[in-house]
Amino acid sequence: MTTKKIPKTHPRAESLRVREKVKGGYIEGIMVENGMISHGRGEAFDYLLGEITIPEASKASKVAAATLLLAKNPIISVNGNVATLAPKEVVKLAESVGAKIEVNLFHRTLEREIAIMKKMKTCGAKEVLGVGKAASSELKGLESSRRWVDPEGIMTADTVLAPLEDGDRTATLRKAGKTVITIDLNPLSRTAQMASITIVDNIVRAMPLIVEESTILKKIDKNDLKDMIKRFDNKVNLDKSLGYIANRLKKIASTRVNSQ
Ligand code: PTJ
């Protein structure tokens with residue numbers, strides 16, 4: 001089904017539109033096959049959330065925007081799924097908070113790095129780090145291809161926004177003393193559990209929200225932003241996100257029982 005053929009009244013219209021984007025990203029050589037599997041897992045969790053931005057995700061997005069605004073050297077790490085689903089928002093956020101953009105892939109090939117760089121540049125990015133030989137620094141303690149990073153980017157960043165990430169790199173970046181912000185629909189994933197700030201939401205909803213928050217928070221006193229960040233407890237917020245899913249399922253189960 002192409003985007004044009006998705007009926008507006010279809011209850012899953014938005015989800016189907018996103019699937020079309022996923023297909024497009026794969027055809028363009030940006031997203032890898034495993035990225036589609038990963039998206040399917042994300043969809044399952046989104047279904048449990050009711051495909052909405054829950055209050056805990058709004059809160060985490062606000063804290064993420066504040067953290068990026070206060071960072072000295074923030075980086076947005078882009079993989080195939082991110083470049084497929086939110087390329088324009090990555091560029092907008094990078095401009096808003098003064099962050100650099102770096103390609104960092106789990107299933108690394110030079111062709112995909114170049115395809116992603118081109119996509120980001122088409123969307124307005126002036127510079128894209130981490131492509132080819134530019135990823136010359138090694139993150140020690142990491143075995144996957146994600147260990148190759150740009151010395152001008154992730155290697156020297158104090159804050160890394162790494163959406164749809166794998167647990168190993170999150171752990172390595174945290175060990176290296178960096179603040180890691182992630183967007184992950186699965187609140188139980190290792191990345192979600194290990195990040196400094198976890199936004200349990202679909203990237204297609206979370207990224208525009210972080211961009212919006214960053215433009216609002218820019219006008220706020222830095223000390224107030226620092227207070228907001230200090231008050232935020234990622235573990236508590238994650239527990240509440242899980243609680244949200246559990247309560248929603250209980251509610252659905254009880255209505256179904258009552259209606260039988
Ligand atoms: O482009 P590459 O080569 O770097 O590969 C990227 C993928 C995503 C394939 C790679 O990083 C990977 O395998 O990731 P994982 O381990 O599947 O983790 C991705 C996490 O993102 C999972 O917890 C998914 O539930 C979650 N996720 C998937 N789609 C979305 C999502 N979270 C937010 N929004 C989504 N649309």
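Predicted model: local features only at pLDDT ≥ 70, side-chain atom pairs only at ≥ 80, totals over all residues.
**Notebook: a ligand, its shell and a few residues**

I started with Ser136, which is partly exposed at a relative accessible area of 47%. My cut-offs here: buried is under 20% relative accessible area, exposed is over 50%, and partly exposed is in between, with a 1.4 Å probe and protein chains only. Residues are numbered from 1 along each chain as its sequence is written, and side-chain values use heavy atoms, with hydrogens and water left out.

**Entry 1: Ser136**

I found Ser136 in the loop between helix 6 (110–122) and strand 3 (137–138). Helices (H or I, at least four residues) and strands (E, at least two) are DSSP runs, numbered from the N terminus. I also checked Ser136 against Trp148: they are twelve residues apart along the chain, and their C-alpha atoms are separated by 6.2 Å.

**Entry 2: the ligand**

Which residues are closest to the ligand? I got Gly80, Phe106, Arg112, Arg146 and Asp184, out of 25 residues that surround the ligand. To count as near, a residue needs one of its heavy atoms within 4 Å.

By class, I noted six nonpolar, 13 polar and six charged residues in the shell around the ligand. In this scheme Ala, Val, Leu, Ile, Met, Phe, Trp, Tyr, Cys and Pro are nonpolar, Asp, Glu, Lys and Arg are charged, and the others, Gly among them, are polar.

Next I looked for polar contacts, meaning pairs of N or O atoms within 3.5 Å; within protein, one must be able to donate a hydrogen and the other to accept it, and residues adjacent in sequence count only if both atoms are side-chain atoms. A backbone N or O atom of Leu164 sits 3.4 Å from an oxygen atom of the ligand. For Leu185, a backbone N or O atom is 3.1 Å from a nitrogen atom of the ligand. For Ile203, a backbone N or O atom is 3.0 Å from a nitrogen atom of the ligand.

How much of the ligand does the protein bury? Taken alone, the ligand exposes 740 Å², and the protein buries 93% of that. These areas come from the Shrake-Rupley method with a 1.4 Å probe; for residues, only the protein chains shown count as cover.

I then saw that the space taken by the ligand is the largest pocket. A pocket is an open set of points on a 1 Å grid over the protein atoms alone, with protein on both sides within 12 Å along at least five of seven lines. A molecule sits in one if more than half of its atoms lie within 2 Å of its grid points.

Two elements give two or more residues to the shell around the ligand: helix 2 (33–49) and helix 4 (80–85). Helix 2 gives the largest share, six residues.

**Entry 3: positive phi**

I went back to Leu164, whose phi is near 50°, a positive value in a residue other than glycine. I placed Leu164 in the loop between strand 5 (159–161) and helix 7 (167–175). Leu164 has 24% relative accessibility, so I wrote it down as partly exposed.

Glu51 also turned up, with phi near 55°, a positive value in a residue other than glycine. I placed Glu51 in the loop between helix 2 and helix 3 (55–70). At 27% relative accessibility, Glu51 counts as partly exposed.

**Entry 4: residues in helices**

Is Ser214 buried or exposed? Ser214 is buried, because its relative accessible area is 0%. I found Ser214 in helix 9 (residues 203–217), and its side chain reaches the backbone oxygen of Val211 at 2.6 Å.

Lys88 belongs to helix 5 (residues 87–97). With 54% relative accessibility, Lys88 counts as exposed. I set Lys88 against Thr170: 82 residues apart along the chain, with 24 Å between C-alpha atoms.

Leu242 is partly exposed, at 31% relative accessible area. Arg248 lies in helix 11 and is partly exposed, at 26%. Arg248 and Leu49 are 199 residues apart in sequence, yet 7.7 Å apart in space, C-alpha to C-alpha.

Definitions and conventions
1 Å grid on protein atoms, 1.4 Å probe; cavity = no way out; pocket = protein on both sides within 12 Å on 5 of 7 lines; lining within 4 Å.
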